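Here is a short report on a two-chain structure.

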Amino acid sequence: MSELTALTIAEALQGLKAREYTAEELTEEHIKSIEAARDLNAFVLETPDQAIEDARASDVRRAGGEIGALEGIPLGIKDLFCTKDIRTTACSHILDNFVPSYESFVTEKLRAAGATFLGKTNLDEFAMGSSNETSYFGPVRNPWGQAVDDPGLVPGGSSGGSASAVAAGLCLGATGTDTGGSIRQPAAFCGIVGMKPTYGRCSRWGIVAFASSLDQAGPMTRTVKDAAIMLEAMAGFDENDSTSSQNVIPDLEACLGQDIKGLRIGIPREYRVEGMDQEIETLWAKGARWLEEQGAEVIEISLPKTKYALPTYYIIAPAEASSNLARYDGMRFGLRVDGQNLEETYMKTRAEGFGAEVRRRVLIGTYVLSAGYYDAYYLKAQKVRRIISEEFASAFDQVDAVLTPTAPTPAFSQGAKTDDLISMYLNDVFTVPASLAGLPAISIPAGLSSQGLPLGLQLITRAFDESTLFRVAGALEEAAGWSPRPLKYQGS
Amino acid sequence: MSVDKSTVMRISQLARIEVAEGDQDKLADELNNILTWVEQLNEVDTEGVAPMSSGLPGAVLPQREDLVSAGNRQPDILRNAPDSRSGFFVVPKVIE
């Protein structure tokens, strides 16, 4: 790996400005890096020619004084974002030949800010998974696997390809999407920063839908500052998404470096769950101490219904998914498997097109929405969701931010949890509550396990209070003293 | 609530996903496993609580004029069709 792939986005913007290298050189180095690390399976589609062309255009713009917020920065794009004329699959067989005729709002904004796209990154099929093992294109490897002699270490999911790529120096940043933790958990597993904005900050238009009341796009980067730069470019009102917020994104970079004196940080006692690694609990306490040392006031708070967040999520998300995925019927786009009649064509198309986890979730969703079960499951879950959301609101009367671990364990080996669905779902126990409440949250790499694997801490703030989120995140990152340098990935 | 093979067949019919005979038992077990686990929500008193269906509490969906904003894109729309002819989608026979 060359020096150019070890830069942060902020450093690369400085270097481009100072003419130390061109966008074309920067992009070329990343293309080489991707080619050398194909065994990670982080990218499902590489677009080097397009990337070089875009980088050249960026250099021309820069020479003409036209400089966007991400001018010349090479990014990876989760293959859930529709990219015009570039295959977009959601890593599902049912869409594996789909070429959109339009660009998602978020990627359009990134392009408009001057970014170049290196390709599409791997994910769990339709973003349903916590280990990137359900992808039709095969599992992704976590580059940290080489540090512990486990080449099959999972990167987390669903944005596993994006997390792995950022950690291994294959791109300077990547887009992710988060429904119940799909940005934050892989960020923690791969030792990078992953941020889920307030619901409505980033338009969902052109992002393949999983659970529409939860889906949110966000940045995956090596530093908090890079996340701020990227989010500012991704966020904004879009009339094509009826849930898109009109709130203007604040100047997040300006929040970094501001002191946190007097801020109140909540430690929710219900997050001390059974099965959490002792060293994660220790790191959590250390994180609280770091913030205290910088003048914040740490307060124990209670979010009593926390343990019900995960079962609530596993009713609501599959219900919305079963509705959203009804569109894949083999008629207008995607795979079609012919049967004897129309009905059989639908049945066969969807049986062949969806993988096991997607099928399970669509069936669960269909069941909880079906006559006779709707009230007992779906409506019940929506009511508990409101209680969880209100508990956060009360907590934020007492505190300005909540600090928790991101995941109950570090990254695990491929296959370790595929036979036990509930234990796989438990990966998201700390990330799902903020998703249900629509709140902004960020995972910061905060330390290493005794085995040498990255561990993350999560911060959550009030809706649309990304300013405080980044302010505290910056303080936490500085105290953790994590090096933003990516892993020197050797390949195997 | 216990899901048996016949329930699996009924849901798979509703969801329009064929489930092979040999997969039905295993799938019933998996679905039961998940449903039993989510049923812990019954412990929560939700009397008088309004269901939350939006991404943020209290979100109001805006309204707009019902106008064509991106019409005349027939080639774009047919681009990914498994089968199309003369500017139309070709689908299996619907009415016998």
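From the N terminus on, the elements of chain B run α-α-α-β-β. That makes 3 helices and 2 strands. The radius of gyration of chain B is 22 Å, well over the 12 Å that the globule rule gives for 96 residues, so the chain is more spread out than a compact globule. Along the principal axes, its C-alpha atoms fill a box of roughly 55 × 45 × 25 Å. Of the 96 residues of chain B, 18% count as buried. All of this describes a predicted model.

**Helix H2 of chain B**

Helix H2 of chain B covers residues 24-38, 15 residues in total. From first C-alpha to last it reaches 21 Å, close to the 21 Å expected at 1.5 Å a residue. Which residues of H2(B) are buried? They are B:Leu27, B:Ala28, B:Leu31, B:Ile34, B:Leu35 and B:Val38. Seen down the axis of H2(B), these fall within an arc of 135°, so they line one face of the helix. On the other side of H2(B), B:Asp25, B:Lys26 and B:Asp29 are exposed.

**Where the chains meet**

In the contact between the chains, 52 residues of chain A meet 38 residues of chain B. On the chain A side, the elements that give two or more residues are H9, H10 (342-353), H11, H12 (374-398) and H13. H12(A) gives the most, with 10 residues. By residue class, the chain A side divides as follows.

| Class on the chain A side | Residues |
|---|---|
| Nonpolar | 26 residues |
| Polar | 15 residues |

**Helix H1 of chain A**

In chain A, helix H1 spans residues 9-17. Its buried residues are A:Ile9, A:Ala12, A:Leu13 and A:Leu16. Seen down the axis of H1(A), they fall within an arc of 100°, so they line one face of the helix. What do the buried residues of H1(A) pack against? Three helices of chain A take part: H2 (23-36), H3 (48-63) and H7 (224-234). So do two strands of chain A, E4 (173-178) and E6 (216-221). H1(A) is followed by A:Arg19, whose phi is positive, near 60°.

**The nonpolar core**

In soluble globular proteins, nonpolar side chains tend to be buried together. Here, the largest nonpolar core has 172 residues. Those with the most contacts inside it are A:Leu75, A:Leu291, A:Ala401, A:Leu459, A:Val472 and A:Leu476. H9(A) supplies the largest share of this core, 9 residues.

Leaving aside neighbours within four places in sequence, A:Leu291 is in contact with A:Ile260, A:Ile265, A:Ala296 and A:Val298, among others. Its contacts also include A:Leu403, A:Val472, A:Ala475 and A:Leu476.

**A loop residue**

A:Pro151 is found in the loop between strand E3 (116-121) and helix H5 (160-167) of chain A. Is A:Pro151 buried or partly exposed? With 14 other C-beta atoms within 10 Å, A:Pro151 is partly exposed. A:Pro151 and A:Gln414 are 263 residues apart in sequence. In space, they are 9.1 Å apart, C-alpha to C-alpha.

Key
Residues are numbered from 1 along each chain as its sequence is written. Chains are lettered from A and ligands numbered from 1 in the order in which they are written. This is a predicted model: local features need pLDDT of at least 70, side-chain atom pairs count only at pLDDT 80 or more; totals for chains, interfaces and linings use all residues. A residue is buried if 20 or more other C-beta atoms lie within 10 Å of its own, exposed if 12 or fewer, and partly exposed in between; C-beta atoms are placed from the backbone. Helices (H or I, at least four residues) and strands (E, at least two) are DSSP runs, numbered from the N terminus. The arc is that of the directions from the helix axis to the C-beta atoms. Two residues are in contact if their C-beta atoms, placed from the backbone, lie within 7 Å. The radius of gyration is taken over C-alpha atoms; the globule rule is 2.2 Å times the number of residues to the power 0.38. The expected span of a helix is 1.5 Å times one less than its number of residues. Ala, Val, Leu, Ile, Met, Phe, Trp, Tyr, Cys and Pro count as nonpolar, Asp, Glu, Lys and Arg as charged, and the others, Gly among them, as polar. A nonpolar core is a set of buried Ala, Val, Leu, Ile, Met, Phe, Trp, Tyr and Cys residues joined through C-beta atoms within 7 Å.
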